[in-house]
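Dear colleague,

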Amino acid sequence: MNYFHFRRDTFNHLTSWLEDARQHSNSNMVIMLIGNKSDLEARREVKKEEGEQFARENGLVFMETSAKTAANVEEAFIDTAKEIYRKIQEGVFDINNEANGIKLGPQHPPSSPSSPGGAPRMASALYRTLCKLGDTFVYPILPATAKPVWNHAAGPKTVFFWAPTIKWVIVVAGLADLTRPADKLSLRQNTALTGTGFVWTRYCFMIVPKNYYLASVNFFVGCTSFVQVTNKANGQITGRENAAFSH
């Protein structure tokens, strides 16, 4: 369960939410209480001590987190897993009884591309294999300045690197369109690309970790599209002037 510490009403609803959760689930279920948006300290309405007290009185695991800064996000999952493991060790949960909601993997035979979920699992296995090969053969020959990039949270081993790499195609297409006649340009499309390009550029500096590579491609998307917007506007103005002159 989670509440926003800057909204007292969400905290006040916790009691009824907890009753509903326990009414429709295993009474020994591990519940993590999250005080969300901990980065918005200036707007706080619910003290951390209040969340801790509610969790203590109701047997919950408690933590304040922030998705924006990634504060305690991983720790929230780890602490919940630790509590589940503790209950398994104490015999509260029977891991052989699926009614407890706990399964020990692997619970499925080797996947084939045609089996349900087979393709994603095979893609994941391929990804791990490629990363291992890269760590073995590519990483050792990289210059010292490039090695931190290889293992960066937004580096070549993550989607945060390859997604913007593919997005450069949009930039190239935008540059190719610079020679296109104004009457062939879409004002709505380029306006949308301009807005999203600059908004996403700003977003890339707000997330953790900051993704400068993604910011650069979005910045160029915004710039090329903005040039096309001005070309379209100039073309429309010129067209109206020529039409007026011909009359």
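The protein chain holds nine helices and three strands, where helices (H or I, at least four residues) and strands (E, at least two) are DSSP runs numbered from the N terminus. Read from the N terminus on, the elements run β-α-α-β-α-β-α-α-α-α-α-α. Please keep in mind that this is a predicted model, in which local features need pLDDT of at least 70 and side-chain atom pairs count only at pLDDT 80 or more, while totals for chains, interfaces and linings use all residues. Residues are numbered from 1 along each chain as its sequence is written, and side-chain values use heavy atoms, with hydrogens and water left out.

Of the 247 residues in the protein chain, 25% are buried, which here stands for under 20% relative accessible area, with exposed being over 50% and partly exposed in between (1.4 Å probe, protein chains only).

Helix 4 (residues 73-89) has 17 residues, which at 1.5 Å a residue should span 24 Å, and its end C-alpha atoms are 25 Å apart, which agrees; the expected span is 1.5 Å times one less than the number of residues. Ala76, Thr80 and Lys87 are buried in helix 4. Seen down the helix axis, the buried residues of helix 4 fall within an arc of 30°, so they line one face, the arc being that of the directions from the helix axis to the C-beta atoms. On the other side of helix 4, Glu74, Lys82, Tyr85 and Gln89 are exposed. Just after helix 4, glycine 91 takes a positive phi of about 85°.
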